[in-house]
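Keep the sequence and the model side by side as you read.

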Amino acid sequence: MELRRLLLLALNSSLLASPLPALAALGGPPETSQASRPVFAANVASTVTPFTMHESLMPSGTVVREYVAAGGIVFAVSWEGPVQPDLRQFLGPYFQQYLQAASVSRTGRGSLTVNRPGLVAQSVGRMRAFSGKAWVPQFVPQGVSVEQLQ
């Protein structure tokens, strides 16, 4: 039993020490976030779209996607999974605006829509099934439709 405990401790320590990419906050460059470390991260670039998507699987099982414009600014984030991610981390400086709108903008049970000039967010969920996306309209690259963001 003690050997098993030591092996688990060693495994956890090695995972924490491994260099995983930091996740970005909305409106900032990709490397500025202090968000929880993902267990898997991938970058998807395309010559067809004027942005790059960074996809991360969080330890909770939630997938978070960050959309980075060519200029290096995160213009949108989306999430899907059993647990809602820490939106304070992913919305960054827009989190307070999100909270203020959330206190008056409930559109139904388990859903929220925020539609302000500087922030648009849609969130739905119930236990073990959360999804949503948020974006800053003035940062969305020309020709990109937010409907195409997953």
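Start at Phe75. Its relative accessible area is 0%, so Phe75 is buried. Buried here means under 20% relative accessible area, exposed means over 50%, and partly exposed is in between, with a 1.4 Å probe and protein chains only. This is a predicted model, in which local features need pLDDT of at least 70 and side-chain atom pairs count only at pLDDT 80 or more, while totals for chains, interfaces and linings use all residues. Residues are numbered from 1 along each chain as its sequence is written, and side-chain values use heavy atoms, with hydrogens and water left out.

Now look at the rings around this starting point. A pair of aromatic rings is described by the distance of the centres and the angle of the planes. Rings of Phe, Tyr and Trp (its six-membered ring) pair if their centres lie within 6.5 Å; planes under 30 degrees apart count as stacked, over 60 as edge-to-face and the rest as tilted. By this rule there are four aromatic pairs. In one of them, the ring centres of Phe51 and Tyr67 lie 5.7 Å apart with the planes at 75°, so this pair is edge-to-face. Phe51 belongs to strand β2 and Tyr67 to strand β3, so the pair ties together parts that are 16 residues apart in sequence. Phe51 and Tyr67 are both buried. Tyr67 also pairs with Phe75, and here the geometry is tilted: 6.3 Å centre to centre and 45° between the planes. The relative accessible area of Tyr67 is 3%. Phe51, Tyr67 and Phe75 make up one aromatic cluster.

Step back to the whole chain. The protein has three helices and eight strands. Helices (H or I, at least four residues) and strands (E, at least two) are DSSP runs, numbered from the N terminus. Along the sequence the pattern reads α-β-β-β-β-α-α-β-β-β-β. Of the 150 residues in the protein, 37% are buried. Contact means heavy atoms within 4.5 Å. Among contacts between residues at least 6 apart in sequence, 38% join residues at least 24 apart. The protein exposes about 9000 Å², and carbon and sulfur atoms supply 58% of that area. Accessible areas come from the Shrake-Rupley method with a 1.4 Å probe; for residues, only the protein chains shown count as cover.

Next, the strand pairing. Two strands pair if DSSP finds at least two bridges between them. Strand β6 (residues 111–116) runs antiparallel to β7, with six bridges between them. Asn115 stands opposite Val120 in β7. Two residues separate β6 and β7, which form a hairpin. Strand β7 (residues 119–126) is in turn joined to β8 by seven bridges, again antiparallel. Ala121 has Ala134 in β8 as its bridge partner. On the β4 side, six bridges join β4 to strand β8 (residues 129–135), and these strands run antiparallel. There, Val77 stands opposite Ala134.

Arg128 sits in the loop between β7 and β8. With a relative accessible area of 62%, this arginine is exposed. Compare Ser123, which is placed in strand β7. Ser123 is buried, at a relative accessible area of 8%. A salt bridge is a side-chain nitrogen of Lys or Arg within 4 Å of a carboxyl oxygen of Asp or Glu. The structure holds two of them. Glu55 bonds in this way with Arg65, the closest N and O atoms being 2.9 Å apart. That pair links distant parts of the chain, with Glu55 in strand β2 (residues 51–57) and Arg65 in strand β3 (residues 63–69), 10 residues apart. Glu80 forms the other salt bridge with Arg65, and the closest N and O atoms are 4.0 Å apart. Here Glu80 lies in strand β4 (residues 74–81), 15 residues from Arg65 in β3. Arg65 counts as buried at 10% relative accessibility. Glu55, at 25%, counts as partly exposed, and so does Glu80, at 46%. Together, Glu55, Arg65 and Glu80 are linked in a network of salt bridges.
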